[in-house]
Amino acid sequence: MAQLIATAPTAIGDAGAVNVPWNVRLRRLLRSRRPYLALLGIIAFFLAWYLLVDVLRFWRFRELPGFVASVREWINPNPVYGVSLFTAEYYNHMWASVYRVFVAFLCATGLGISIGILMGWRRIFYGLTFPILELLRPIPILAWIPLAIILLPGRELPIIGLTFLAAFFVTILNTLLGVKSIDPVYFRAARSLGFSQTAILFHVIVPGALPYIFVGLQIAMGACWFSLVASEIVSGQAGLGYKVWEAYYYVQFETMVIIMATLGFLGYVSSALVRMVGNRLMRWRARILAGV
Amino acid sequence: MSTDSSNGGTLSIRHAGKIYDPDGSNVVALDDVTFEIKAKEFCVIVGPSGCGKTTLLNAIAGFDQLTAGQILLDGELLTSPGKRLLPGADRMVVFQQGALFPWKTVLWNVTCGPIQQGRMSRREAERHATHLLARVGLTSIENQYPGELSGGMKRRVEIVRALMNDPKILLLDEPFRALDALTKSVVQEYLLELYDLTPKTVFFITHDIEEAAFLADRVVIMTTRPGRVMKIVNVDIERPRNHQVLTTPHFLRIENEVREAIHDEARKAFEAGERELA
């Protein structure tokens with residue numbers, strides 16, 4: 001799980017995104033190499049899929065759903081296997097998953113940040129909670145599935161609970177790291193300036209830890225989708241994870257690929273949203289990184 | 001200034017001692033240090049690295065505790081080994097590495113002290129801050145973040161932030177160390193300008209002998225291991241001062257007196273360090 005720990009929170013996205021009007025930013029972007037390289041990479045990927053599966057059809061690639069067939073199924077008003085852009089079922093599964101991730105992520109963010117800050121701020125709390133956290137954190141999310149099913153009633157709660165759990169640990173750890181990363185000189189300065197404990201919390205600890213917190217939240221968002229799909233496969237009756245497995249089971253490979261692509265897209269959008277909120281809240285960093 | 005601080009600010013350091021004892025090997029950082037800084041006096045402490053200058057500053061600021069002696073402010077006991085002292089706005093610190101909150105604007109940084117202490121309304125504090133910032137040549141930077149400012153600007157903002165609290169004592173720990181020579185001389189003159197405007201008791205630490213003689217009313221020279229007061233040099237140069245005094249024979253004589261006193265000490269400290277490494 002080493003990759004879940006933020007090392008240097010410099011990766012908070014598109015730095016110059018503040019203060020510059022969008023049309024100027026767009027023109028700048030179009031003049032740079034970046035969008036064209038990105039497009040080229042994506043095209044290369046789909047071309048490889050097309051060539052390997054649709055054209056060459058060698059080895060096990062023969063078994064996979066073709067690129068053309070998959071796209072055709074996706075945009076078909078009357079899809080062969082019942083799932084496309086024009087069917088309600090597609091959006092029902094999407095909504096079920098998005099809703100679960102949303103609830104789980106919000107709970108994990110609220111609880112995780114609060115606990116992480118308490119751990120970084122109060123030594124007693126740290127001593128009390130850190131060892132047990134370090135014992136629970138390495139347990140793979142898949143190992144929690146039976147326990148979640150036994151403990152939480154219904155079919156919805158276990159899935160949300162498991163999705164929550166994955167994000168929860170990551171958020172705590174990164175928040176804790178964020179608080180620890182704050183230079184002690186700021187605490188000294190705050191105390192000299194006569195800050196109350198509440199003022200220190202809101203004006204030193206929270207903003208000081210924010211860069212790490214947001215790196216943590218981005219990783220947490222990824223962890224959410226990961227454990228969501230795993231738990232939907234095991235205990236779901238709806239949702240993208242459930243559907244991807246069902247499609248495999250009934251040999252509807254085109255549908256399977258459509259759902260996979262949808263998961264990729266939703267994962268990307270949700271991460272981008274977290275990044276956007278982060279940039280909003282950390283204008284001071286954005287401006288410095290942009291060198292304005 | 002809008003608030004009054006006309007009375008007080010006499011700092012007496014009496015037999016101050018500090019022994020660090022991390023692993024049984026006593027390191028004497030301060031040994032029987034006694035001197036007094038008169039109210040509104042600009043006192044500069046110089047000495048080689050490890051002479052306990054910062055230890056003394058931390059004890060006054062309330063970040064650390066003495067193991068012997070007393071520190072008094074206006075005759076009242078501030079701290080002694082038995083009396084824990086908390087940091088407070090009456091003893092403002094300007095830190096060596098800078099401590100402006102990078103996530104807050106300049107205006108927030110500068111006004112937060114009096115607002116948090118409930119001594120000024122936001123409006124009052126902002127008006128006062130704008131005024132003081134302008135005094136040190138900083139206009140229309142209120143809404144910028146510290147990261148957008150140059151080193152010299154940051155130091156000035158930091159000094160203004162400290163003065164906004166109307167402290168009895170201003171504690172500065174090598175505040176201009178990281179600045180280039182040119183910027184340094186400009187910021188020094190701004191500091192003197194603010195000092196002349198509202199004199200305060202100043203406890204200023206530096207390695208720079210020219211800086212010490214240029215700024216100070218008195219220069220306290222300390223020895224190292226153990227940290228003791230070696231010599232106190234009076235600087236009887238009239239205020240207001242500007243950089244033209246640096247070349248007058250009178251200034252050079254004073255600077256030389258400080259330099260000679262400290263030179264022997266520095267060599268001793270250096271040789272002791274070499275011996276330890278050998």
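## A two-chain model, piece by piece

From A:Leu281 to A:Leu37 the C-alpha distance is 30 Å, across 244 residues of sequence.

A word on the ground rules. This is a predicted model, where local features need pLDDT of at least 70 and side-chain atom pairs count only at pLDDT 80 or more, while totals for chains, interfaces and linings use all residues. Residues are numbered from 1 along each chain as its sequence is written, and chains are lettered from A and ligands numbered from 1 in the order in which they are written.

**Chain A**

A:Arg62 sits in the loop between helix 2 (34-56) and helix 3 (67-74) of chain A. It counts as exposed because it has 11 C-beta neighbours inside 10 Å. A:Leu52 is 10 residues away in sequence and 8.2 Å away in space, C-alpha to C-alpha.

Which residues touch the most other members of the largest nonpolar core? They are A:Ala167 and A:Cys224, in a core of 140 residues. The largest share of this core, 18 residues, is supplied by helix 9 (residues 197-235) of chain A. Such a core is a set of buried Ala, Val, Leu, Ile, Met, Phe, Trp, Tyr and Cys residues joined through C-beta atoms within 7 Å. Leaving out residues up to four places away in sequence, A:Ala167 touches A:Ala104, A:Phe105, A:Ala108, A:Ala220, A:Ala223 and A:Cys224 (contact means C-beta atoms, placed from the backbone, within 7 Å).

**Where the chains meet**

Chain B puts 21 residues into the contact and chain A puts in 17 residues. On the chain B side, strand 6 (91-94) and helix 2 (106-116) each supply at least two residues. Helix 2 of chain B gives the largest share of that side, 3 residues.

**The sheets of chain B**

One open sheet has 4 strands in the order 2-1-4-5, with antiparallel pairing; strands pair if DSSP finds at least two bridges between them. Strand 2 (27-37) and strand 5 (76-79) of chain B are the edges, each pairing on one side only. From one strand to the next, the twist averages 30°. Helix 1 (residues 53-61) of chain B packs on this sheet, touching strand 1, strand 2, strand 4 (68-73) and strand 5 of chain B, and its direction makes about 65° with that of strand 2 of chain B. Axes here are lines fitted to C-alpha atoms, for helices over the stretch in contact, and angles run from 0 to 180 degrees between N-to-C directions.

A second open sheet of chain B has 6 strands in the order 6-7-8-3-9-10, with mixed pairing. Strand 6 and strand 10 (228-234) of chain B each have a single partner strand, so one side of each is left without a neighbour in the sheet. Here neighbouring strands are turned by 20° against each other on average, direction ignored.

Some of the strand pairs of chain B:

| Strands (chain B) | Sense | Bridges |
|---|---|---|
| Strand 1 (residues 11-20) and strand 2 | antiparallel | 7 bridges |
| Strand 6 and strand 7 | parallel | 4 bridges |
| Strand 7 and strand 8 (residues 201-206) | parallel | 5 bridges |

B:Leu172 in strand 7 of chain B stands opposite B:Val94, and its bridge partner in strand 8 of chain B is B:Phe204. In strand 6 of chain B, B:Arg91 and B:Val93 point one way and B:Met92 and B:Val94 the other, and all are buried.

Is helix 4 of chain B enclosed or open? Of its 13 residues, 12 are buried, so helix 4 is largely enclosed by the rest of the structure. Those buried residues, among them B:Gly152, B:Lys154 and B:Leu163, pack against strand 6, helix 2, helix 3 (122-135), strand 7 (169-173) and helix 5 (181-197) of chain B.

B:Asp166, in the loop between helix 4 and strand 7 of chain B, has phi near 50°, a positive value in a residue other than glycine. B:Asp166 counts as buried because it has 21 C-beta neighbours inside 10 Å. B:Glu174 likewise has a positive phi, near 40°, and lies in the loop between strand 7 and helix 5 of chain B. B:Glu174 has 19 C-beta neighbours inside 10 Å, so it counts as partly exposed. Finally, the peptide bond from B:Arg239 to B:Pro240 is cis, with omega near -5°; B:Pro240 is in the loop between strand 10 and helix 7 (249-277) of chain B.

How values were computed
Contact = placed C-beta atoms within 7 Å. Buried ≥ 20, exposed ≤ 12 C-beta atoms within 10 Å, placed from the backbone.
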